[in-house]
Amino acid sequence: MDSNLEKDYCKTLQSEGISTPVEQVTDSQNLHLPVWYDEAKFKHAQNFYRRNAYALVVVALYGVIATMAIPSILNVLMFTKRSSSVVSAYRRYMATILHFVGWYTEELKPGTKYWKSLEFVRRAHSTSSRRANTKHPGMINSQKDMAVVQFSIVGYVVLSPRMLGVQYNTEDMEAFVHFWRVMGYMLGIEDRFNVCTADLATSRSRMQQVRDQLIQPALASVSEDFHRMARYMLDGMWYSNVFVNPEANIYMTYRLSGVPGYAHLSGKNYRKLSLYSRVILRMQVTIHEFSLSVAWLRWLQNSMVSVLLIFGIQYFPLLAILRFGYKNAIVRI
């Protein structure tokens, strides 16, 4: 691996990746596993998910918040209007959870439900990019933006596992990076832009660059549109988990991203939070940094994720039914 290329990875994203679209997939013949796919590592990563389900699902929430700070990603999100209200955001992000949890738990082979899930997600990205570019030339789902989205799911786990309560060893993390290298490839990210590489150290370097050079500056100067769209998403997700709290979740995202002034549960930014948000934030930190390190508590939290996925989204999301009606509340893929 060229060390100069890796050092300039983020510059390459911003100079070349920003104008390079994700290749469109029109049918199942276009989607195929990469030649370097390792089934043993892939399945190892799926087992890693089962042992850390709570942390890996919750980190996706923080990741979505972080991606909304990137103007090019936010602009496409607003253009699609698929998350521009509480109910539409609820449906979009519940479906997103079902898609990627399916990737973590099901066999990856042509013709399976979750192979079709990958086709659907990739086609949806292509369609939204084409429509946005037709209406607003230059507005695309670029390789840079896809790499940032990929980072939002894998990056915090690799860079801050203890802050999230992830239980792991080196083999686990290598397998997890391989898993998301495969997923990135399947979703149309070129190898030169893929945050995940064949080497854990190189992947970590790329992730640090994305966090420090893209995510941190973006979070430090967010727009009103960011707050509005993040609020739609978090208000929507509250109907599946009443411990979702916009102020607390945004603070956790800033903390994970290393934004100055958010490392500790004290100081000026912390004091801006309401008392209730402080309580929720402290509860979240306690779960991640203490509860998930205790085997039986981690099992309990992981089991709660399974219950949420089966009953809280697909069959009987009680609060969502009361708020949005049965038809809008039930989300399946």
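A search of the whole structure finds 10 salt bridges, a salt bridge being a side-chain nitrogen of Lys or Arg within 4 Å of a carboxyl oxygen of Asp or Glu. The model is predicted: local features need pLDDT of at least 70, side-chain atom pairs count only at pLDDT 80 or more, and totals for chains, interfaces and linings use all residues. Residues are numbered from 1 along each chain as its sequence is written, and side-chain values use heavy atoms, leaving out hydrogens and water.

Three of these pairs are listed below.

| Pair | Closest N to O distance |
|---|---|
| Arg51 and Asp172 | 2.9 Å |
| Glu190 and Arg192 | 2.8 Å |

Arg51 and Asp172 form a salt bridge with 2.9 Å between the closest N and O atoms. Arg51 belongs to helix α3 (residues 39–51) and Asp172 to helix α10 (residues 170–186), so the pair ties together parts that are 121 residues apart in sequence. Helices are DSSP runs (H or I, at least four residues), numbered from the N terminus. Asp172 is buried, with a relative accessible area of 3%, while Arg51 is partly exposed at 32%; buried means under 20% relative accessible area, exposed over 50%, and partly exposed in between (1.4 Å probe, protein chains only).

In the pair of Glu190 and Arg192, Glu190 is partly exposed at 31% relative accessible area, and Arg192 is partly exposed at 38%. Arg255 is buried at 12% relative accessible area, and Glu289 is partly exposed at 38%. Salt bridges that share partners also join Glu16, Glu190 and Arg192 into one network.

Helix α15 (residues 275–289) has 15 residues and reaches 21 Å from its first C-alpha to its last. This is close to the 21 Å expected at 1.5 Å a residue, the expected span being 1.5 Å times one less than the number of residues. Its buried residues are Ser277, Ile280, Leu281, Gln284, Val285, Ile287 and His288. Seen down the axis of α15, they fall within an arc of 160 degrees, so they line one face of the helix; the arc is that of the directions from the helix axis to the C-beta atoms. The elements covering these residues include α4 (53–68), α9 (161–164), α13 (246–256), α14 and α16 (295–313).

Within helix α14 (residues 268–271) lies Asn269, which is buried at 14% relative accessibility. Not counting residues up to four places away in sequence, Asn269 touches Tyr251, Pro260, Gly261 and Tyr262, contact meaning heavy atoms within 4.5 Å.

How values were computed
Helices (H or I, at least four residues) and strands (E, at least two) are DSSP runs, numbered from the N terminus.
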